[in-house]
Amino acid sequence: ILNTELEEAYKKGKEHFSKLDKLSPSLLLNGTSNYVKHQWGEGLIFLWTSVEQVVNIIWTKEIIKNEIENDAVIEGRSKFLKDFRTWTTSTKIELLYQKGFLKTDQYKLLNKARKSRNDFVHNGKELTKENVKCALDGLFKLISLVISSYQNPDLLNDTLETIYKNQRGD
């Protein structure tokens with residue numbers, strides 16, 4: 001890797017992360033690193049946690065702020081929309097889909113990843129590469145949507161391809 005390539009990658013990453021203020025770079029890195037090393041359980045947990053963070057970024061920006069600014073007359077509404085017990089990640093994903101922030105393909109990936117994560121955590125169901133790949137793909141599609149103002153879910157496909165190429169034993 002040339003120094004100029006590293007500098008360019010850093011600039012691009014810094015620009016992207018500036019639009020993702022509540023996304024933990026270490027969780028994202030741990031998720032992708034565990035995926036590359038075929039550590040499916042760890043990879044899925046870190047990747048799904050990152051998915052939840054990005055969903056919360058979208059939720060805060062597009063639902064809470066927009067809805068509250070447009071309807072400040074209903075007492076307690078802001079508190080209600082911020083209540084994570086009422087608005088689970090799966091519920092937020094559903095509403096973001098209904099409002100057009102997510103397309104069907106992204107919804108399907110996130111739904112498969114969520115179901116795999118729940119089956120793994122709650123029932124000890126064995127994970128496969130495909131289960132974790134849904135979380136990885138869903139996460140990078142979400143990030144792409146945020147950094148492209150919801151225009152391009154494939155913006156980071158080159159990054160995904162690099163991750164796939166660097167898997168152990170593949």
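Student: What makes the 44 residues of the largest nonpolar core a core?

Tutor: In this predicted model, the largest nonpolar core holds 44 residues, and V54, L96, L136, L142 and I143 have the most contacts inside it. A set like this is called a nonpolar core because its members are buried residues of kinds such as Val, Leu and Ile, joined through side-chain atoms within 4.5 Å.

Student: Which helices supply at least two residues of this core each?

Tutor: They are helix 2 (25–36), helix 3 (40–70), helix 5 (89–98), helix 6 (104–123), helix 7 (129–147) and helix 8 (157–165). Helix 3 gives the largest share, 12 residues.

Student: How do you know that L136 touches L160?

Tutor: Contact means heavy atoms within 4.5 Å, and L160 is listed among the residues L136 touches, together with T32, Y35, L47, I163 and Y164. Residues up to four places away in sequence are not counted there.

Student: Now the pockets. Why are 15 residues in the lining of the largest pocket called nonpolar?

Tutor: They are called nonpolar because each belongs to a group that includes Ala, Val, Leu, Ile and Phe. The rest of this lining divides into seven polar and four charged residues. Of the 26 lining residues, A9, G13, F140, T159 and I163 lie nearest the centre. Helix 1 gives the most, nine residues, and the pocket has about 920 Å³ of space.

Student: What is the makeup of the second largest pocket's lining?

Tutor: That lining has five nonpolar, five polar and five charged residues. D21, K22 and K61 are among those nearest its centre, and they count as charged because Asp and Lys belong to that class. The volume is about 250 Å³.

Key: Residues are numbered from 1 along each chain as its sequence is written. This is a predicted model: local features need pLDDT of at least 70, side-chain atom pairs count only at pLDDT 80 or more; totals for chains, interfaces and linings use all residues. Side-chain values use heavy atoms; hydrogens and water are left out. Buried means under 20% relative accessible area, exposed over 50%, partly exposed in between (1.4 Å probe, protein chains only). Helices (H or I, at least four residues) and strands (E, at least two) are DSSP runs, numbered from the N terminus. On a 1 Å grid over the protein atoms alone, a cavity is a set of points where a 1.4 Å probe fits but cannot get out, and a pocket is an open set with protein on both sides within 12 Å along at least five of seven lines; lining residues have an atom within 4 Å of a point. Grid points are joined across faces, edges and corners, and a volume is the space filled by probe spheres set on the points.
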